[in-house]
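Reader: I'm new to this and would like to walk through a protein model with someone. Can we take it one question at a time?

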Amino acid sequence: QVQLVESGGGSVSPGGSLTLSCTASGATNSPYSMGWFRQVPGKERDGVACISAVGGGTQYDTSVWGRFTISRDNAEATLYLAMNSLKADDTAVYYCAAKTSPTCGSSWDEGDMYTYWGQGTQVTVSP
């Protein structure tokens, strides 16, 4: 079992920045690839980014390419999402997730492929 806890959400003006963190505990010695997802009420959950357990390769949704950076600190069992040039469309609840796969793979943005989920943190981008 792995427990995930997100933090770092909040309110920011358009063009601003936020960094989300996701701290893992429990059976973290297994090779989990990690992802960030986001969801707006009434809409489906969307994949934002993924980072592989092996090699550290990353995948991003095109909507955040060049603005968001996913990273991980394995020693601290922490996942990060640095978000820059934020837009109103980035407003959502952000979730971190872990899957028992050494790489993100082509299905990195499919939530059903992930086993463990955090409780979510709200990000609001407004003037």
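This is a predicted model: local features need pLDDT of at least 70, side-chain atom pairs count only at pLDDT 80 or more; totals for chains, interfaces and linings use all residues.

Reader: How far apart in space are serine 106 and glutamine 119?

Author: Along the sequence, serine 106 and glutamine 119 are 13 residues apart. In space, going C-alpha to C-alpha, the distance between them is 25 Å.

Reader: What about glutamine 3 and tryptophan 117, how far apart are they in space?

Author: Glutamine 3 belongs to strand β1 and is partly exposed, with a relative accessible area of 39%. In sequence, glutamine 3 and tryptophan 117 are 114 residues apart. From C-alpha to C-alpha, though, the spacing is 7.6 Å.

Reader: Let's go inside. Which residues touch the most other members of the largest nonpolar core?

Author: That core has 28 residues. Elements giving two or more residues to it include β1 (2–7), β4 (33–39), β8 (78–83) and β9 (92–99). The members with the most contacts to others in the core are Leu4, Trp36, Leu81, Met83 and Tyr94.

Reader: Which residues does the second core include?

Author: This second core is separate and has six residues. Among them are Phe37, Cys50, Ala97 and Trp108.

Reader: Now salt bridges. How many are there, and which residues do they link in a network?

Author: Side chains of opposite charge can pair when their charged atoms come close. Aspartate 90 pairs with arginine 38, with the closest N and O atoms 2.9 Å apart, and also with arginine 67, where the closest N and O atoms are 2.7 Å apart. The count comes to two salt bridges, and the network links Arg38, Arg67 and Asp90.

Reader: Are aspartate 90 and arginine 38 buried or exposed?

Author: They come from distant parts of the chain, 52 residues apart: aspartate 90 is in the loop between β8 and β9, and arginine 38 is in strand β4. As for cover, both aspartate 90 and arginine 38 are buried.

Reader: How many residues apart in sequence are the parts that aspartate 90 and arginine 67 tie together?

Author: Aspartate 90 and arginine 67 are both buried. Aspartate 90 is in the loop between β8 and β9 and arginine 67 is in the loop between β6 (58–60) and β7, so their pairing ties together parts of the chain whose separation in sequence is 23 residues.

Reader: Last one: what is the phi of alanine 77, and what is the phi of serine 85?

Author: Most residues other than glycine have a negative phi. Alanine 77, in the loop between β7 and β8, has a positive phi near 50 degrees. Serine 85, in the loop between β8 and β9, isn't a glycine either, and its phi is positive at about 50 degrees.

Terms used: Residues are numbered from 1 along each chain as its sequence is written. Side-chain values use heavy atoms; hydrogens and water are left out. A nonpolar core is a set of buried Ala, Val, Leu, Ile, Met, Phe, Trp, Tyr and Cys residues joined through side-chain atoms within 4.5 Å. Buried means under 20% relative accessible area, exposed over 50%, partly exposed in between (1.4 Å probe, protein chains only). Helices (H or I, at least four residues) and strands (E, at least two) are DSSP runs, numbered from the N terminus. A salt bridge is a side-chain nitrogen of Lys or Arg within 4 Å of a carboxyl oxygen of Asp or Glu.
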